[in-house]
Amino acid sequence: MKISVKEFDAMQMGWRKWYIEKVELKTFRKFGLVIEGADILEVGCGSGYAASLIAAQGPHSYTGLDIMPEQLEIARNRGLKQASFVEGSADDLSRFPEKRFDAILDFCILHHVEGWRAFFDECHRVLKDDGSLYVADLSKRCIHIVDAILHWGHAEEALFTLKEFEEEANRRGFRTVRKANDLGLEGYFRFQKVN
Ligand SMILES: C[S@@+](CC[C@H](N)C(=O)[O-])C[C@H]1O[C@@H](n2cnc3c(N)ncnc32)[C@H](O)[C@@H]1O
């Protein structure tokens, strides 16, 4: 789902960049993410701030996927080495071959994706056998609070509790390796592909 103009603007702000770098990416690293030499897919890459951090750490390849062409244009204009950006939805990774990626990263976009359940199946197909999915995302409770205050208008069908999110991942071929959450609002997971 396209994000609202207000949310789009908020995503370009300094606080969001700080949070991606100092909290979310740092947590992924703590959970075992290796970027150097790896093939990385980021879903919902937005304007490419996380891409710029990742590309600086020497991946073999970085691919950013997003549904908003205006965000992708900002990302492409960063001129990052080893990085490519493609338009598409996180719940349809059919453009990628099987076992293409070592790691798939989500920085807070799956609460926009109505097909978040199918997303796990897509990830399972395109991850290498020892690949992992790293998620930092917002619970239904968190989004309800945000929408009550900021009126960003998220679609209810895309929202999930952190418990149902994890259970769905486990049902669809992923083992939980690490997890943490901030007051049940933002959840962090590393899910490893089970073959
Ligand atoms: C809240 S922003 C987060 C952007 C960036 N990851 C960040 O943390 O700043 C949500 C992003 O998800 C993208 N998005 C929404 N639905 C999507 C979908 N189905 N597939 C891929 N990207 C999607 C939006 O275009 C937007 O760039």
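Student: What makes the radius of gyration of this chain agree with that of a compact globule?

Tutor: Good place to start, and keep in mind that this is a predicted model. For 195 residues, a compact globule would have a radius of gyration near 16 Å, and the chain has 15 Å, so the two agree. The C-alpha atoms fill a box of roughly 40 × 40 × 30 Å along the principal axes.

Student: What does the chain consist of in terms of secondary structure?

Tutor: There are 7 helices and 7 strands. Along the sequence they follow the pattern α-α-β-α-β-α-β-β-α-β-α-α-β-β. Of contacts between residues at least 6 apart in sequence, 61% join residues at least 24 apart.

Student: Which class does Cys-108 fall in, and how do you know?

Tutor: Cys-108 has 19 C-beta neighbours inside 10 Å. Buried needs 20 or more, so Cys-108 counts as partly exposed. Cys-108 also has a positive phi, near 60 degrees, without being a glycine, and lies in the loop between S4 and H5.

Student: And Glu-156, is that residue buried or exposed?

Tutor: Exposed: Glu-156 has 10 other C-beta atoms within 10 Å, and the limit for exposed is 12 or fewer. Its place is the loop between helix H6 (140-150) and H7. The C-alpha atoms of Glu-156 and Val-135 are separated by 20 Å, with the two residues 21 apart along the chain.

Student: Why is S2 called largely enclosed?

Tutor: Because 5 of the 6 residues of S2 are buried, this strand is largely enclosed by the rest of the structure.

Student: How do you know that S1 and S2 pair?

Tutor: Pairing takes at least two bridges, and 5 bridges join strand S1 (residues 39-43) to S2, with the strands running parallel. One of the bridges links Asp-39 to its partner in S2, Ser-61.

Student: Which residues of helix H5 are buried?

Tutor: In H5 (residues 116-126) they are Trp-116, Phe-119, Phe-120, Glu-122, Cys-123, His-124 and Val-126. The buried residues of H5 pack against strand S4 (101-107), S5, helix H7 (162-171), strand S6 (174-182) and strand S7 (186-193). Over the whole chain, 39% of the 195 residues count as buried.

Student: Which members of the largest nonpolar core touch the most other members?

Tutor: Ile-40, Ala-51, Ile-104 and Leu-133 do, in a core of 51 residues. Strand S5 (residues 127-138) gives the largest share, 6 residues. Leaving aside residues up to four places away in sequence, Leu-133 touches Ile-104, Cys-123, Leu-127, Phe-174 and Phe-191. In soluble globular proteins, nonpolar side chains tend to be buried together.

Student: What makes up the shell around the ligand?

Tutor: The shell divides into 13 nonpolar, 5 polar and 3 charged residues. Of the 21 residues around the ligand, Gly-44, Gly-46, Met-68, Ile-109 and His-112 come nearest. Helix H1 (5-11), helix H2 (14-30) and strand S2 (61-66) each supply at least two residues of that shell.

Conventions: Residues numbered from 1 in each chain as written. Predicted model: local features only at pLDDT ≥ 70, side-chain atom pairs only at ≥ 80, totals over all residues. Near = placed C-beta within 6 Å. Helix = DSSP H or I, 4+ residues; strand = E, 2+ residues; numbered from the N terminus. Nonpolar A, V, L, I, M, F, W, Y, C, P; charged D, E, K, R; others polar. Core = buried A, V, L, I, M, F, W, Y, C linked by C-beta atoms within 7 Å. Contact = placed C-beta atoms within 7 Å. Rg over C-alpha atoms; globule rule 2.2 N^0.38 Å.
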